[in-house]
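Reader: Hi! Could you walk me through this one? I'd like the overall picture before we get to the details.

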Amino acid sequence: MAKKKGEEQDFEEEPNFDDPEGFVDDVSDDELLGDFLKQKPCESDGVENVIVVDNIPVVGAARFQKLNGIIEKLFKNAGTIVNVHYPKDEEDNTKGYAFIEYKNQESAEEAVKSLNNHRLDKNYKLLVNRFSDFQKYSDIPKEWSPPQPQPYKVQNDLYNFLVETDAQDQFCVVSETIPGSVQVQFCQNTQPEPTELLKRERFTDTYVKWSPKGTYIVTFHKQGVIIWGGSSFVKVNKFPHGNAQYVDISPCEQYLVTYGPNGQKIVIWDIRTGAEKRAFVSDGMSNASMLRWSHDDRYVARLVDSQIQIYDTTTFFLLDMKSIKVEGIRNFSWSPTDNIIAYWVAEEVDVPAKVTLMAIPKKTELRTKNLFNVADCKIHWQKSGDYLCVKVDRFSKSKKEKKDKKDSDVKFLGMFYNFEIFHMREKDIPVDSVEVKETILAFAWEPVGSKFSIIHGEPASANVSFYETNKGQEPVLVKKLEKKVCSHLFWSPRGQFIVLANLQMGTFEFVDTNDFSIMKTGDHYRASEVEWDPTGRYVVTGTSGKAKEDQGYYMWSFQGRILKRVNLKNFMLFLWRPRPPTLLTEARQKEIRKNLKKYYSQFESKDRLRMTRASKELIEKRAKLREQFTEYRSKRVTEWEEQKKRRMQLRNNMDTDTLEADPDNVEEEIVEILVREDTTIIE
């Protein structure tokens with residue numbers, strides 16, 4: 001019943017929330033607030049991100065800023081630094097150690113790995129440890145107990161392509177399915193038809209590139225580049241360099257270099273961690289601005305303003321903290337097997353040009369060769385590093401005297417060419433010279449062996465000369481092929497076989513340099529690229545770009561026999577997957593080559609079985625199609641016969657299924673057509 005205003009209201013008695021006597025609370029906080037307690041901060045949070053750096057110089061307040069700048073510059077190469085703390089004494093002097101906190105644990109681990117025992121200068125060597133290691137090492141039990149076995153975790157195998165039992169190589173085909181959509185197809189080179197492993201739509205924005213040993217494949221995107229690997233080509237790492245146009249990977253696949261638009265920004269990345277190691281700013285994309293790696297990834301160098309800047313990849317600081325200044329330097333190149341650089345210096349007034357070999361890191365000059373009347377030089381290392389060839393473009397000149405000596409000028413009579421061959425494995429590095437008077441169109445070393453080849457003369461009727469180099473001897477001309485229409489040389493990666501190509505006309509000659517016999521000739525209209533597979537058994541020629549009407553690729557055997565023609569609309573690129581160097585010793589390889597006949601029967605039986613299997617599959621496929629057609633035809637004939645009664649009703653009971661059914665209503669008409677008229681004159 002409602003109460004009037006001012007009267008007291010009745011309220012129900014408040015419930016009692018107290019626990020009854022004898023109540024036992026058996027619900028733990030973890031059961032009640034488990035999800036919430038997981039977010040509770042603890043003292044050890046972030047400890048894995050902290051490192052301790054010992055043996056830092058003890059400095060006062062006046063020199064502290066300089067010390068802090070050096071330490072931060074050194075350690076930021078491992079990752080993003082969140083905080084740096086230097087303990088100090090009462091007089092505001094550092095105590096010789098510091099704490100550095102990174103953004104994540106991976107950066108801290110990278111700093112310990114790369115900078116522990118790093119020499120700051122001749123008096124200080126840094127000792128770097130993770131902060132969590134101190135507690136771990138202080139809690140070592142007195143009695144050792146074996147660790148508990150952990151369950152095996154299947155990881156992505158980056159090298160599974162090397163365990164293929166028949167050593168069949170892989171390749172990728174890049175094509176543009178629709179404008180702006182690039183498709184990449186991965187295949188295994190099985191015979192008689194390749195086996196498709198994977199196909200990815202919109203895999204990249206422009207093109208792809210394999211790493212030197214074939215472990216990774218690089219794709220390009222607007223936000224940066226991504227590397228992929230494993231049997232299913234899963235993402236391994238990504239590198240945020242927007243609109244990167246080109247990448248380079250170090251020979252041992254430890255580092256990746258990205259080049260921005262027009263090469264203006266160049267960044268070196270650690271492939272494993274994704275950390276930025278060093279960045280440069282360049283004026284533009286040119287050969288001089290490109291970074292060049294030593295064979296063991298220990299050094300990376302570039303050419304800047306008549307200076308060779310060599311960086312030690314353990315710290316990415318300049319080697320010995322200074323550049324190598326060489327006035328007039330034009331180009332340089334690393335040896336493919338040794339830490340030796342070869343560079344050449346242009347000719348000046350009364351100062352000849354020269355080629356110099358320098359050993360790194362000592363920077364000692366091993367050999368210098370002076371050259372005169374030089375217009376240009378090109379440096380060509382042999383793959384095994386046994387020889388170096390420097391192609392020298394020279395000009396003949398004579399002074400034309402005038403009445404006034406000051407007005408005397410130089411008359412150029414023409415060009416000639418020298419090939420300076422440096423014998424790198426011999427004492428004092430002797431140099432031999434090969435002179436060629438005709439125009440040089442191409443030069444190439446044999447990858448495995450001691451031959452080199454030269455195309456010289458006019459493009460329409462050139463000569464191809466083959467020279468052989470031997471220890472202690474001058475290069476010897478072993479063969480000269482005359483009147484060849486070729487412009488490029490493509491050696492097999494295993495040596496011996498070479499393709500003489502004319503990429504303007506699309507013609508190819510396959511030559512065996514053991515006896516210099518031409519095994520076969522062939523043509524691929526408008527072919528613009530030639531790719532040998534890593535084993536030297538197959539060659540691929542491709543047509544892409546402006547040739548819209550006949551795009552695709554041909555696959556040839558090393559003898560020049562066409563195995564496969566593939567026409568592919570909007571074909572862009574064909575790339576064989578590289579292989580790492582063999583682990584077999586030279587003696588073991590020679591033994592295998594010597595006893596190769598023992599394996600012939602095994603290989604031939606596998607090939608016959610593979611072809612038989614393919615033939616059997618083809619026969620079974622045809623038989624299945626024939627059976628399907630017969631079944632379909634029988635079904636239609638039965639249906640047609642069942643409908644005959646209905647047809648008779650529609651045609652006034654007249655059978656018109658065959659011409660013989662009603663001969664009275666058949667009219668025969670003869671039509672004559674003049675197909676062709678020939679006139680033959682008989683004398």
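Author: Happy to. This is a predicted model, and its protein chain has eight helices and 41 strands.

Reader: Thanks! What share of the 683 residues is buried?

Author: Buried residues account for 39% of them. The chain exposes about 44,000 Å², and carbon and sulfur atoms supply 50% of that area.

Reader: And the contacts, what share joins residues at least 24 apart?

Author: That would be 43%, counted among contacts between residues at least 6 apart in sequence.

Reader: On to charges. How many salt bridges does the structure hold?

Author: There are 22. One of them pairs the side chains of Lys 564 and Glu 193, at 2.5 Å from N to O.

Reader: Nice. Where do Lys 564 and Glu 193 lie?

Author: Lys 564 is in strand 40, while Glu 193 is in the loop between strand 6 (181-188) and strand 7 (195-204), so the bridge ties together parts that are 371 residues apart in sequence. Glu 193 is partly exposed, with 48% relative accessible area.

Reader: How about Lys 451 and Glu 446, what distance separates N and O there?

Author: Their salt bridge comes in at 3.9 Å.

Reader: Are those two buried or exposed?

Author: Lys 451 is buried because its relative accessible area is 13%, under the 20% cut-off. Glu 446 is buried as well, at 4%. In another pair, Asp 376 and Lys 378 meet at 2.6 Å, N to O. Asp 376 is partly exposed at 25%, and Lys 378 is partly exposed at 40%.

Reader: Which residues are linked in a network of salt bridges?

Author: Glu 48, Glu 109, Arg 130 and Asp 133.

Reader: Changing topic: where does Lys 569 lie?

Author: Lys 569 is in the loop between strand 40 (562-567) and strand 41 (571-576). Its relative accessible area is 71%, so Lys 569 counts as exposed.

Reader: What does Lys 569 touch, leaving out residues up to four places away in sequence?

Author: Ser 175, Glu 176 and Gln 551. Lys 569 and Glu 176 are 393 residues apart in sequence, yet their C-alpha atoms are 7.9 Å apart.

Reader: Last one: which residues form surface patches?

Author: Leu 596, Tyr 599, Tyr 600 and Phe 603 make a nonpolar patch with about 350 Å² of accessible area together. Phe 603 belongs to helix 7 (residues 597-642) and is partly exposed at 42%. A patch of negative charge gathers Asp 18, Asp 19, Asp 25 and Asp 26. Asp 26 sits in the segment before helix 1 (29-32) and is exposed, at 65%.

Note on methods: Residues numbered from 1 in each chain as written. Predicted model: local features only at pLDDT ≥ 70, side-chain atom pairs only at ≥ 80, totals over all residues. Heavy atoms only, no water. Helix = DSSP H or I, 4+ residues; strand = E, 2+ residues; numbered from the N terminus. Buried < 20%, exposed > 50% of the residue type's maximum accessible area, 1.4 Å probe, protein only. Contact = heavy atoms within 4.5 Å. Patch = residues over 30% accessible without salt bridge, like charges linked within 9 Å, V, L, I, M, F, W, Y side chains within 5 Å. Areas by Shrake-Rupley, 256 points an atom, 1.4 Å probe, with all protein chains shown as cover. Salt bridge = Lys/Arg side-chain N within 4 Å of Asp/Glu carboxyl O. Lys, Arg positive; Asp, Glu negative; His and termini not counted. Charge placed at Lys NZ, Arg CZ, Asp CG, Glu CD.
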